[in-house]
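The entries follow in the order I made them.

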Amino acid sequence: MTVTNSSARMVRCCRRIWCTCILLAIVFAFSCSLVYALEGSDAAEDASDSSTTAPDATASSDSPDPPIEKTDTPSGNEDDWGSFYDPNKVFCGKYDCYKILGFDHETWGSNPPSLKDITKSYRGLSRKWHPDKNKAKGARAKFVAIAKAYEILTNKEKRAEYDHFRDRPDEYFAKYGSSVLYSYVPKSDASIIIIIFLIAGSAFTYYAQKNKWQTIANHLVKAAVEDLSPREGGSTESIEIRVKALAILAKKKEESLSIATNGTSSGEKKKKGPKMTGREKKEKEWEELRPICIELVNEIDDFGAGFRKPTMKDLLVLKMVKWPYFLTCSALWWSKYALRRLRNLELSEEERVVLTKNAVGEVTWIAASDEEREKMLPLDLWVTDNLVEWREEQEMKLAGLSANRRKQIKKLRKRGSAEVLDEDLHMD
């Protein structure tokens, strides 16, 4: 059985090889006959061209006028391709397209080569330098250059542009440049660009607002967990959150303790672990308080002064809708303010509020209490010197200095001594 199987396989392989060879022979014979047929048609065309030009030659010889020498015939020196200013290879590169096909623009005068002459020259040169027939070195490059020259000179627009730039390299440089060829891409749809811009801008404003809220939330969590004082960065809000978190933590501990006592028998004793240091106890308490404080802080949507969770109102698209209204109101208010200043009228309460708010900043103004705002208004904080003095006063209050100490520092500052102030502000 093995012998018969192997012989059958050999027979199948031989059949496949013979079939492949027969197909290749058929394809080769068909391609050869096609090539010979094309060469025959080209020869017939050349013969017809010569027969049509022969009567013209005899007629011209019979006429009394002297024969006109044709200058549009290809020149004999096929290696001389001339030169042309075309660094970007828009046409034929550094060579002259006419010279490549055997024509000389300096000798034809007012009788340039026609499309028929160019086609005739191209057929002869392409047949001569075709890579399948000419195996000489550089035949393929010459064939490509001949095809390119034929493509340029048979295109009316390209040929006219080529003839125009022959003696005008400055205009060629203005259009195509010296080494970089610029091409203009189709115009993009402006509406698509605007939509993409609005989407990207809206996403940016949304996440920027979220980042603002998250910054305050992280600081509030840290102040509540670590029990920071107002001087260290804490606030009444962080103290309230800490109190709530401690109450929740104590309740959880009581529940866990009751479960543990119910689960253990009366005869078992609770094993004691290693004694913890004060620092370790504090860090353990912080770790227990942190998730509770985070939950409590996440329930706060608005911290005030613009530090709130992002909403649809923070999208750039909706903000742009409100811009005309805000710009109009602002222009009207400042116009009214300028007119009142020209009339030398006293500042109204509304003007004092706006000027003070712009001076101290929106965040500070919103964070201040009503009593603190009332104290700010008569200080004329929009004046630079008054604003500097007020900020120094706030820094001293934040440092926890007494009223007498603040007066002493003010006197020292007027005398030009600020070293004592710096020591007081940076002491722990």
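**Entry 1: Lys212**

I started with Lys212, which sits in helix 7 (residues 190-226). The model is a predicted one, and I read what follows with that in mind. I checked the accessibility of Lys212 and got 34%, so the residue counts as partly exposed. Next I listed its contacts, leaving aside neighbours within four places in sequence, and found Gly306 and Phe307. Lys212 and Gly306 are 94 residues apart along the chain, and their C-alpha atoms are separated by 8.5 Å.

**Entry 2: Overall counts**

I then took the totals for the protein. The secondary structure comes to 16 helices and zero strands. Of the 428 residues, 23% count as buried. I also looked at how far apart in sequence the contacting residues are. Among contacts between residues at least 6 apart, 60% join residues at least 24 apart.

**Entry 3: Helix 5 against helix 6**

How do the axes of helix 5 and helix 6 cross, and at what angle? Helix 5 covers residues 156-165 and helix 6 covers residues 169-176; their axes come within 8 Å and cross at roughly 125 degrees. The two helices are therefore oblique to each other. On the helix 5 side I noted Glu161, His164 and Phe165 in the contact. On the helix 6 side the contact residues are Pro169, Glu171, Tyr172, Lys175 and Tyr176. Sorted by class, this contact has four nonpolar, one polar and three charged residues.

**Entry 4: Arg166, in the loop**

I moved on to the loop between helix 5 and helix 6, where Arg166 is found. Is Arg166 buried or exposed? Its relative accessible area is 18%, and the cut-off for buried is under 20%, so Arg166 counts as buried. Leaving aside neighbours within four places in sequence, I found Arg166 in contact with Phe84, Asp96, Tyr98 and His105. With Asp96 there is a polar contact of 3.1 Å between the side chains. I also checked Asp86: Arg166 and Asp86 are 80 residues apart in sequence, and 9.6 Å apart in space from C-alpha to C-alpha.

**Entry 5: Salt bridges**

I looked up the charged pairs next. Side chains of opposite charge can pair when their charged atoms come close. How many salt bridges does the structure hold? The count is twelve.

- Lys309 pairs with Asp301, with the closest N and O atoms 3.5 Å apart. Lys309 is partly exposed at 26% relative accessibility, and Asp301 is partly exposed at 47%.
- Arg308 pairs with Asp314 at 2.9 Å, N to O. Arg308 is partly exposed, with a relative accessible area of 27%, whereas Asp314 is buried at 1%.
- Arg340 pairs with Glu351, the closest N and O atoms being 3.1 Å apart. Arg340 lies in helix 10 (residues 316-342) and Glu351 in helix 11 (residues 349-360), so this pair ties together parts that are eleven residues apart in sequence. Arg340 is partly exposed at 21%, and Glu351 is buried at 4%.

**Entry 6: Thr356**

I stayed with helix 11, where Thr356 also has its place. Its relative accessible area is 0%, so Thr356 is buried. Which residues does Thr356 touch, not counting those up to four places away in sequence? I found Trp365, Met376, Leu377, Leu381 and Trp382.

**Entry 7: Ser126**

At 13% relative accessibility, Ser126 counts as buried. A polar atom of its side chain lies 2.8 Å from the backbone oxygen of Tyr122. Not counting residues up to four places away in sequence, Ser126 touches Phe143 and Ile146.

Terms used
Residues are numbered from 1 along each chain as its sequence is written. This is a predicted model: local features need pLDDT of at least 70, side-chain atom pairs count only at pLDDT 80 or more; totals for chains, interfaces and linings use all residues. Side-chain values use heavy atoms; hydrogens and water are left out. Axes are lines fitted to C-alpha atoms, for helices over the stretch in contact, and angles run from 0 to 180 degrees between N-to-C directions. Helices (H or I, at least four residues) and strands (E, at least two) are DSSP runs, numbered from the N terminus. Angles under 35 degrees count as roughly parallel, over 145 as roughly antiparallel, 65 to 115 as roughly perpendicular and the rest as oblique. Contact means heavy atoms within 4.5 Å. Ala, Val, Leu, Ile, Met, Phe, Trp, Tyr, Cys and Pro count as nonpolar, Asp, Glu, Lys and Arg as charged, and the others, Gly among them, as polar. A salt bridge is a side-chain nitrogen of Lys or Arg within 4 Å of a carboxyl oxygen of Asp or Glu. Buried means under 20% relative accessible area, exposed over 50%, partly exposed in between (1.4 Å probe, protein chains only). A polar contact is a pair of N or O atoms within 3.5 Å; within protein, one must be able to donate a hydrogen and the other to accept it, and residues adjacent in sequence count only if both atoms are side-chain atoms.
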